[in-house]
Amino acid sequence: MGIVYHEKTKTFHLYNRSMSYIMTVMRNGHLGQLYCGKRIRDKEDFSYLLETCERPMGSYVYDTDRLFSLDYLKQEFPVYGSGDYHHPAVEILQENGSRICDFQYQSFSICKGKPRLSGLPATYVENDDEAFTLTIELKDELTGIRAELFYTIFTWCSALAKSVRLTNESSKAVHISRLMSLCLDLPDSDYEWVQLSGCWARERHVKVRKLTYGITAVESMRGHSSHEHNPFIALKRRGTDERKGEALGFSFIYSGNFLMQSEVDAHDVTRTLVGIHPDCFDWKLDAGESFQAPEAVLVYSDQGLNGMSQVFHSLYQTRLARGYWRDKERPILINNWEATYFNFTQERLVSIAKKAKECGVELFVLDDGWFGKRNSDRAGLGDWVANPKRLSKGITGLAESIENLGMKFGLWFEPEMVNKDSDLYRAHPDWILSTPRRRESQGRYQYVLDFSRKEVVDCIYEMMAKILSEAKVSYIKWDMNRSITECYSIALPKERQGEVFHRYILGVYDLYERLTLKFPHVLFESCASGGGRFDPGMLYYAPQGWASDNSDAASRMEIQYGTSFCYPISSIGSHVSAVPNHQVFRTTPLHTRANVAYFGTFGYELDLNKLSNEELSKVKDQIAFMKQYRSVLQFGTFYRLLSPFEGNVTCWMSVSKDQKTAIVGYYRMLNVANASYTRVRLEGLAPDLCYFNEQSKTWHYGDELMHLGLITTDATAGQVPDGVIACTDFESRIYVLKATDAIEGGNEHEGA
């Protein structure tokens, strides 16, 4: 496993147990793409994969050669304007107005391990045996721009990380107007495109369409990764489903504007690009300066979409998320937001916490409204000092009261925003992103602080660090409740205004980095009006994210199903909330709300004092169940079984690492009259282990449950007899399967 270079053919072969990635130095000095897919045996010569032919409308590199056209060659770092008419990976505006570049191969180096990316989130290794990294150096001699292409192949999972760094080795400034982190030219277009899209309260819904001529793309121009499109796509072969078939997954470790697109040309070659969105991006690169593009991750699977997702889960859970909480079971929390909104006192908060403690909750989280003059969403943002009228003893006193109950205390911040009705804005009206002499758009009555400026980030850091240093705060919910408009910084000259979007995100990362280093035992949860910045960049700093402001169980089936395509279950913030639900006004059973929320971090968003004794008893049982099985639920191997986007039933499961415990979640959206018998084929069990079904009190070998299926027939089959509890809409149940030594009372002798 590792990286091989064949000098004679100038070919690079990156491979591990599952995948191969092969490229070559072409005779014009550019890098050519030869193969990406299932692991194949290495050999010296793969040159035949660089297919060429004469085409009538080609523009050719050499006068005497009508075969070598960049428009028809698969490339690694393509440029526009010298014969290749596809969208390029890089574009640089030079002093004379030209954008033509010619990046020629210079050298390469191979090392064990993986270098870190300065100032950016990225995957990492804990020892050098986990990965090999290839660095290929290219140079455009005329401009003096050096490009370093980084490829890291992981030895233990079917994943390849890619990024690019440009360095200006000339004496003149240039402007980078496009720099894609990943370019992959595939030899055909026989793929279906999978994306995760939606909007606020219905994020990351699975959308599938066939690739065809032209461009298929998802993007964000909102200043954050967005509710509308997630920085993840997959290309799957026709016939590939959750259980079988080939798929390529692409994920961008970045939290700002992005572009992910696949361009199919007239000869069915597919070019997929992943990177910072080039629109509104313009980075001035002075002499001697470097620019590092964010990292993109490519995953190959021949085990269906579940196989692809499990690689992402394992990689992102253990080698993207970091710190004290990375491998720890998440505390069961209660958040006061939907219980109180802005209407609370310290006494009411403590009363909610007391009841939660009685039920077994471990963490109390105070949400919005505790600071400045925050009586509504029109004031107070930016003034991170406790309001004494609400909290007579401040955050320190409230945290102490919660700790005295035997619980941990958490706190909400929205550090990137400010209200004009705030002391911070009155002192620094020039600290918001706004365009001179133009109207300033507001969102939720708030404005975006200019995090491209160090002094702004420093000020917010000092206020947050003061609270975290003085009070016993164990958890931070970091919110971001609006997209960026009027993206202009008065601190930058006109020729650098195209840098503001990216510099803003770098400022967010800087604040996260400083706070997580200063307070390593605090659990950070990212949030952006729910799922507006649920991306791998955030996962590097906050090991979990609030998946959506929509906590309705029926809606969450779709949201959490889609989220699991790329993100580990331990990262999905999921709560049981009150009914009727505050977002869609739907009433779902209490057990179904919990059964959905189990597959995530798990918590409550309601006032437990308002529940009946019967409901409180159920809550206690739910919490006890989650504590018993949260290791399996949050860190087991997750399988999607039945999609909420394809039928009335959703089903998924999580299997412990030793395959001895499995938790199956089964959810039926609408009730059925005189229904059919039903069963679901499970995944990931040990075929020769015998599992006890705690619900049906029956024993089954793993191969039976995976091939015959788990029987899920219930009272809807036939006519419901008297005395039998009838099923309802939004019905659900949890099946717990535990491995036993043998079937009780059964015959263990084969062929008897």
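Tutor: Two strands are said to pair if DSSP finds at least two bridges between them. Helices (H or I, at least four residues) and strands (E, at least two) are themselves DSSP runs, numbered from the N terminus. This is a predicted model, in which local features need pLDDT of at least 70, side-chain atom pairs count only at pLDDT 80 or more, and totals for chains, interfaces and linings use all residues. Residues are numbered from 1 along each chain as its sequence is written, and side-chain values use heavy atoms, with hydrogens and water left out.

Student: How many bridges join strand S1 to S2, and in which sense do the strands run?

Tutor: S1 (residues 2-6) and S2 run antiparallel and are joined by 5 bridges. Within this pairing, valine 4 faces histidine 13 of S2. The hairpin of S1 and S2 has 4 residues between the strands, and lysine 10 there adopts a positive phi near 50°.

Student: Why is S2 described as largely enclosed by the rest of the structure?

Tutor: Burial is judged by relative accessible area: under 20% is buried, over 50% exposed, and in between partly exposed (1.4 Å probe, protein chains only). In S2 (residues 11-15), 5 of the 5 residues are buried, so the strand is largely enclosed by the rest of the structure. Both of its faces are covered, with Thr11, His13 and Tyr15 buried on one side and Phe12 and Leu14 on the other.

Student: Which residues of helix H4 are buried, and what covers them?

Tutor: In H4 (residues 394-404), the buried residues are Gly394, Ile395, Gly397, Leu398, Ala399 and Ile402. Their cover includes helix H3 (346-359), strand S22 (363-366), strand S23 (408-413) and helix H6 (454-470), where contact means heavy atoms within 4.5 Å. After H4 comes glycine 406, with a positive phi near 90°.

Student: How many aromatic pairs are there?

Tutor: A pair of aromatic rings is described by the distance of the centres and the angle of the planes. Rings of Phe, Tyr and Trp (its six-membered ring) pair if their centres lie within 6.5 Å; planes under 30 degrees apart count as stacked, over 60 as edge-to-face and the rest as tilted. By this rule there are 40 aromatic pairs. In one of them, tyrosine 324 and tryptophan 325 have ring centres 5.5 Å apart and planes at 85°, so the pair is edge-to-face. Tyrosine 324 is partly exposed at 39% relative accessible area, whereas tryptophan 325, at 15%, counts as buried. Phenylalanine 534 and tyrosine 567 are also edge-to-face, because their centres lie 5.1 Å apart with the planes at 80°. That pair links distant parts of the chain, 33 residues apart: phenylalanine 534 is in the loop between strand S27 (523-526) and helix H8 (536-539), and tyrosine 567 in the loop between helix H9 (553-563) and strand S29 (572-573). Both phenylalanine 534 and tyrosine 567 are buried.

Student: Which charged residue sits over the ring of tryptophan 546?

Tutor: The criterion requires NZ of Lys or CZ of Arg within 6 Å of the ring centre and within 35 degrees of the ring normal. Arginine 556 places its charged end over tryptophan 546, 4.8 Å from the ring centre. Lysine 420 likewise lies over the face of tyrosine 447, at 4.7 Å from the ring centre.
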